[in-house]
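These are my notebook entries on the packing of side chains. I set down what I looked up, entry by entry.

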Amino acid sequence: MRRLARLLLIVVTLLRFGVDDIALSGFRQGWVRWIARIVTLGRRFDAPRGARLRMALERLGPIFVKFGQVLSTRRDLLPRDVADELAKLQDDVPPFPGELAMSLVERALRKPLSAAFLHFDPEPVASASIAQVHFATLLSGREVAVKVLRPGMLDVIEDDLALLHRLARWVERVSVDGKRLKPREVVAEFDIYLHDELDLIREAANAAQLRRNMQDLGLCMVPEMVWDLCTPTVMVMQRMHGVPISQVERLRDAGVDIKKLARDGVTIFFTQVFRDGFFHADMHPGNIQVSLAPMTFGNYIALDFGIIGTLTENDKEYLAQNFIAFFRRDYKRVAELHVESGWVPADTRIDALESAIRAVCEPHFDRPLKDISLGQVLMRLFQTSRRFNVEIQPQLVLLQKTLLNVEGLGRQLDPDLDLWATAKPFLERWMNEQIGWRGLVERVKNEAPRYAQLLPELPRLLHQSLKATAHADEARALRDLVAEQRRTNRLLLAVIWGGIGFGIGALGVQLAHQL
């Protein structure tokens, strides 16, 4: 009954905002179109379709807001106007009571607050759909931030996810675009992502890895985790002091070099992508601050590590070569890369794909390089690839979404930011490290421990191999000998039986003459 009531509320909300008018127009069944005309009769919608969808998701609650945020990253699947509207979805929701948060922390840590904290502020400093954050002080006097998972989230999520899975199956069955949009796969991806975000131990581990990666760069600060006080529902970390990056005037008044800040942000992003293959994938202004402390003045402060993107060496090579080929206007190479990556069927005509990519990319070169959006380029490449039956990998879609965020943030700080001038050295250095002598030396260095273990064993392994080969030769010779013996035996047996038959025949003839 609870799920039925929730389903009815969802249906009423979607009808109220005319989401049915957006969705039902894509169905091919006549009876569905007939129902669509009836349910939309007498209703007029002044707001654009994307805005109506966004407002409906906001009305349906935190889980649907989160789903809309994830869906907005799939720009390879959605119309641009809808994706832009969904990207506006905010996580701000009313906080739950501080007393409840304190009891949840005590339950998770299995001890009273006084045994872990000198002070715990019951007033939250941030509240989102999944968790909220409180400031506290440890017994040692160290200032920390405590992230507490919202109570009862798992039950709510399971109910809404069950409805989303059922709705996705229905849409895929009856919608014209069902197969192309792959709603079941999108919901399954959201299911995994949401359950991962509900595990704060996983988020803490992401933060720890990012902190190690960024330590030597000297441009980005990541809070240290207090592991003794981290559980799947509570995460305790170093409290960071900074100014939100959206407060540009305050940063400028404090003496921060805004143009350098913009360049540093791009440097941080491309370092995470092309050096580490491990990047913060939720780099919107709410998750980024700037330090004004004397020792770390002008450094970025990264927060919220629930969404992390990872790239393999193949992914990085694909991206680097695509970007370089694009800026050289080598569209044939871009097409070849799509085929070589296996994302396009092997029988795809290179010249047809090259022509499609040229039509998409060439207009960008009518503008200065500083005005070219790498995120838009990547999105256009994905859209073109879709026409040739390619399935874009989720990690690259997440990268494209993050790149758009970084570009928007960078150009908000510095409208003249030349993103390509910052990206090009990373791409060329990565290619040199992979293909040139430096890459060869690095790979030999990485494989040295394995070689060191293998070399002393090499004589024994060689002896075993030769011995095995000798045994195999002996066994093969023995098998041949046995087979030859069997053939000889069969021949000898045939001769014997032939002689016996001949003797019996001759004896029979002799007896016949005597009679």
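I looked up the contacts (heavy atoms within 4.5 Å) of phenylalanine 274: leaving out residues up to four places away in sequence, Phe274 touches Lys316, Leu319, Ala320, Phe323, Leu427 and Trp430. I note that this is a predicted model, in which local features need pLDDT of at least 70 and side-chain atom pairs pLDDT 80 or more, while totals for chains, interfaces and linings use all residues. Residues are numbered from 1 along each chain as its sequence is written, and side-chain values use heavy atoms, without hydrogens and water.

I then turned to the nonpolar cores, sets of buried Ala, Val, Leu, Ile, Met, Phe, Trp, Tyr and Cys residues joined through side-chain atoms within 4.5 Å; buried means under 20% relative accessible area, with a 1.4 Å probe and protein chains only. The largest core has 99 residues, of which Phe269, Phe270 and Phe274 touch the most other members. I found a second, separate core of 19 residues, with Phe96 and Leu113 among them.

Next I checked aromatic pairs (Phe, Tyr or six-membered Trp rings with centres within 6.5 Å; edge-to-face if the planes are over 60 degrees apart) and found four. Phe269 and Phe270 are edge-to-face, because their planes stand at 75°, with centres 5.3 Å apart. Phe269 also pairs edge-to-face with Phe279, at 6.3 Å and 80°. Since Phe269 lies in helix H13 and Phe279 in strand E8 (residues 278-280), this pair ties together parts 10 residues apart in sequence.

Methods: Buried means under 20% relative accessible area, exposed over 50%, partly exposed in between (1.4 Å probe, protein chains only). Rings of Phe, Tyr and Trp (its six-membered ring) pair if their centres lie within 6.5 Å; planes under 30 degrees apart count as stacked, over 60 as edge-to-face and the rest as tilted. Helices (H or I, at least four residues) and strands (E, at least two) are DSSP runs, numbered from the N terminus.
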